[in-house]
Amino acid sequence: MHFDAFDRYHEKESFIHHLDPRVKVVITVIFIISNVLLPDGAWLAFGMAWLLLLAANGYSRLGLGYTLKRSLIALPFALIAITVLFSIPGKSLYEFQLLMWKLTITDAGLLRFESILIRSWLSVQMAILLVAVTRFPDLIHALEHLKVPAILTTIISFLYRYLFVLTDEVFRLIRARESRSAAATGARSGGGVLWRARVAGNMAGQLFLRSYERSDRIYNAMTARGYSGHLYTLNPHEMKSNDYFTTALAIAFIFMTQILGRL
Amino acid sequence: MHYSPEPLHIPDGFLSLAVSIVCWVISAIVIGMAISRTNKSLGEKQIPLMGVMAAFIFAAQMINFPVLGGTSGHMLGGALASIVLGPWAGMLVMTAVIAVQALLFQDGGLLVMGANIMNMGLVTAAIGYGLYRSVSSQSRGVKLAVAGVAAWLSVMAGALLTSLQLWLSGTSELTVVIPAMLGVHALIGLGEALITVSALGFILQTRPDLLGDGSDSAKASRNWVYVGWAVALVVVLLSPLASADPDGLERVAIDMGFIDTGLSAPYEIIPDYTLPFLGETPISTIAAGVIGAVVVGAILVLLGRGMKAKS
């Protein structure tokens, strides 16, 4: 597996790709906070936020629908909010019988449900765009500049660096399990659920030991090369006037969205 | 890529700003404590170890086992990480895992990351380590059984906290979200318990030194026993009280005729988390919770014995 198998970065030449990673992180977070703060049913403001998202998509040259295609990941979670459809009092829109429960969808409930979904959908798209236009190591570096404790960013760097190595290890373990799990056509191989869980547990234990011993070797190799507890980068990450300008512009736009949502 | 989203990862937009910020503050304080403790007690050598262990937790979540009709179970890892690495290091490792899941895979939001870290990283580590530590000098079978109960309870604690946060944000109905989340996670937690127990059994057998005297796992303060049991107790006591106490939200639901038929999830073993002979009181629900935990414990003790006999 290649070292960047997990990276969602898309190499393109655009001014958004060239922005300082700090700027991108800050704007993303402010955008998400703004979405959460918008009142229910602020359709115009939601539209504005979407416009900003479209503009960011367009300027990053990934195509206007880039984040839209990938934004369905948060959809299953919508199930958890479905109860608001019925629980908020309001004008009844639709009544139906589900098994033994009589359910009534109210207008206020529908409004709240739609608003929750839109907020979540807008926010997840900006987060998708963030990793599509920023290399992950740059992102971690930005977090360090933004005062995330060094020990955490270092752990995250190691996690990112060794994830694909250990994933290869997992594939080897899974391949070994599959090659030992032969079965005649139509018949099931292996034991019951408990037996299968135990096999999976032993694999996790095996993976743990291999990871643990590997971390020893990694540490020795790093010490031999001068590691003393801190990772250095050659990337200077300096804020340019372009970065300040974009930040100001984005914040102004988000601020206007907020005003529009409260009119 | 080979990555399946978890039902516990809250996306952005589902929690209100106030709830998100409160959770971030709590998580940040605990993470800060974890950082200062690990800086004091661990050397620079531990940083690569924690990093690779975080990658391990991430990769171990890809090891799945078929359960029923296409669904498969796999591990969340909070309890195992804290048992093997000690509570503070376990918390940092889980924080890194959850941060990468949110940043790289958008599994869980950024603003709500504090809540996700609290639910899946901090509370799971406290319960996992605290309960395990209280029996760390006992026999192998007891250790494994308690680790299993701890793993199960840690998943339940995460589910309970997630439900409460969703309710406080006005996203879900308390009376529905708690039974639904706890019901689903009672099953998910069983998978977690089984994998944690067999992984731990494997480690105890091949590298007992990693968990013996002088290991990172044994070094942490014994106070964790109280912390772990206190959090576990809160889970067992709070889940029934939260769903049995008729608060404003619930009254609204009753007024609308939504729950007068007694909404119960079809997968509950103990109906409505109450015992028939005790009636619909909080005590009955608490008893049901305790019985559930004891049953899981008993199953795991038997399993532990069986595995010991075989190995």
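Helices (H or I, at least four residues) and strands (E, at least two) are taken as DSSP runs, numbered from the N terminus. The model is a predicted one, in which local features need pLDDT of at least 70 and side-chain atom pairs count only at pLDDT 80 or more, while totals for chains, interfaces and linings use all residues. Residues are numbered from 1 along each chain as its sequence is written, and chains are lettered from A and ligands numbered from 1 in the order in which they are written.

In chain A, helix H9 (residues 193-224) contains Ile218(A). Ile218(A) is buried because 20 other C-beta atoms lie within 10 Å; a residue is buried at 20 or more such atoms, exposed at 12 or fewer and partly exposed in between, with C-beta atoms placed from the backbone. Apart from neighbours within four places in sequence, Ile218(A) is in contact with Pro48(B) and Val52(B), contact being defined by C-beta atoms, placed from the backbone, that lie within 7 Å. Ile174(A) is 44 residues from Ile218(A) along the chain, and their C-alpha atoms are separated by 24 Å.

Between the two chains, 76 residues of chain A are in contact with 72 residues of chain B. Elements of chain B that each supply at least two residues to the side touching chain A include helix H1 (17-41), helix H2 (46-60) and strand E1 (65-68). H2(B) gives the largest share of that side, 13 residues.

Chain A is divided into domain 1 (15-135 + 237-262) and domain 2 (149-182 + 189-224), with bounds from an automatic or database domain assignment. The centres of these domains of chain A, taken over C-alpha atoms, are 36 Å apart.
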